[in-house]
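Here is a friendly walk through one protein chain, written for someone who likes to know what sits beside what. Have the structure open beside you as you read.

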Amino acid sequence: PTGGSNYVYIKTRGSDDLEPSKAKNWNLGLVYQPTKALMMKADFWSFDYTDLIAQDSSATGIVNAQCTGVANGDLPIDDPRITRSPEGQLREIVLNYVNTGSVKTSGLDFSVNYDMDLAALGELTLGLDSTYVAAFDIVALDGADTIKGAGSFNSANAFKAMPKLRANTRATWRLDDHVFNASLRYISSYDNDLTADENDNIA
């Protein structure tokens, strides 16, 4: 009824078949300092995660699946993960942590720092920190097609938006007791894999 309220408890617990996640990784770091004022760093990295752990679904997805045919007069589908009151109000939804598959990701971290002596005008430091994600490949447990997650919004899986490039630039000027800082952040674009209906819901 209008003006009414309903509290729904959402529990998340481990599945009986849950296995610990595993990872293999390697990285190669290089530091180059041609002068006292200039330093550059590069770190190449690769991670191979298996038996990743995530929720089996969202609470909204479970309820929507149960009520698929209600609009046509059908009764809600029986789902042991959902508890309702005798009147049909939602009371509790149970989610499970499950092993969802594997992810292979690799990329490059790069940074540069340059100190400038401006004599009577003080000191100026310029810097850049960046990360480039070359690959973020998601493979489900059932061996389905590999999802290329790098550069994608990743709405159809358990991961977040994954821009390929992120960078922060900074400048710091010092003179006696005075300090001035400026910074600029850049995040590259990524593909929107939301459906038309999902985009409408966000809007």
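The protein has an average pLDDT of 86, and 91% of its residues score at least 70; pLDDT is the predictor's confidence in each residue, from 0 to 100. This is a predicted model, in which local features need pLDDT of at least 70 and side-chain atom pairs count only at pLDDT 80 or more, while totals for chains, interfaces and linings use all residues. Residues are numbered from 1 along each chain as its sequence is written, and side-chain values use heavy atoms, with hydrogens and water left out.

Among the elements of the protein, strand 8 has the highest mean pLDDT (97), and helix 2 (residues 196-202) has the lowest (47). Helices (H or I, at least four residues) and strands (E, at least two) are DSSP runs, numbered from the N terminus. Over residues 197-203, pLDDT stays under 50, and the model has 4 contacts beyond four places in sequence for them. A contact here means heavy atoms within 4.5 Å.

## How the strands pair

Two strands count as paired if DSSP finds at least two bridges between them. Strand 8 (residues 165-175) runs antiparallel to strand 6 (residues 123-140), and 10 bridges join them.

Strands 8 and 9 form a hairpin with 2 residues between them, and Asp176 in the turn has a positive phi of about 55°.

A parallel pairing is found as well: 6 bridges join strand 1 to strand 5. Strand 1 (residues 9-14) is hardly covered, with 0 buried residues among its 6. Buried means under 20% relative accessible area, exposed means over 50%, and partly exposed lies in between (1.4 Å probe, protein chains only).

## Around Leu128 and Ser111

Which residues does Leu128 touch, not counting those up to four places away in sequence? They are Phe110, Ser111, Val112, Ala167, Asn168, Thr169 and Arg170. Leu128 itself is found in strand 6 and counts as partly exposed because its relative accessibility is 23%. The C-alpha atoms of Leu128 and Asn113 are separated by 6.6 Å, although the two residues are 15 apart along the chain.

Ser111 has its place in strand 5 (residues 90-117). Is Ser111 buried or exposed? At 18% relative accessibility, Ser111 counts as buried. Leaving out residues up to four places away in sequence, Ser111 touches Met39, Met40, Lys41, Leu128 and Asp129.

## Salt bridges

Side chains of opposite charge can pair when their charged atoms come close. A search of the whole structure finds 5 salt bridges, each being a side-chain nitrogen of Lys or Arg within 4 Å of a carboxyl oxygen of Asp or Glu. The table lists some of them.

| Lys22 | Asp51 | 3.1 Å |

Lys148 is exposed, at 57% relative accessibility.

Asp51 and Lys22 meet through their side chains in a salt bridge. Asp51 lies in strand 3 (residues 38-55) and Lys22 in strand 2, so the pair ties together parts that are 29 residues apart in sequence. Both ends are partly exposed: Asp51 has a relative accessible area of 21%, and Lys22 has 45%.

For the Arg81 pair, Arg81 is partly exposed at 27% relative accessibility, whereas Asp79 is buried at 12%.

## A nonpolar patch

Trp26, Leu28, Leu30 and Phe44 form a nonpolar patch on the surface, with about 410 Å² of accessible area together. Areas come from the Shrake-Rupley method with a 1.4 Å probe; for residues, only the protein chains shown count as cover. Patches are made of residues with over 30% relative accessible area and no salt bridge, with like charges joined within 9 Å and nonpolar side chains (Val, Leu, Ile, Met, Phe, Trp, Tyr) within 5 Å. Strand 2 (residues 22-32) gives the most to this patch, with 3 residues. Trp26 has its place in strand 2.
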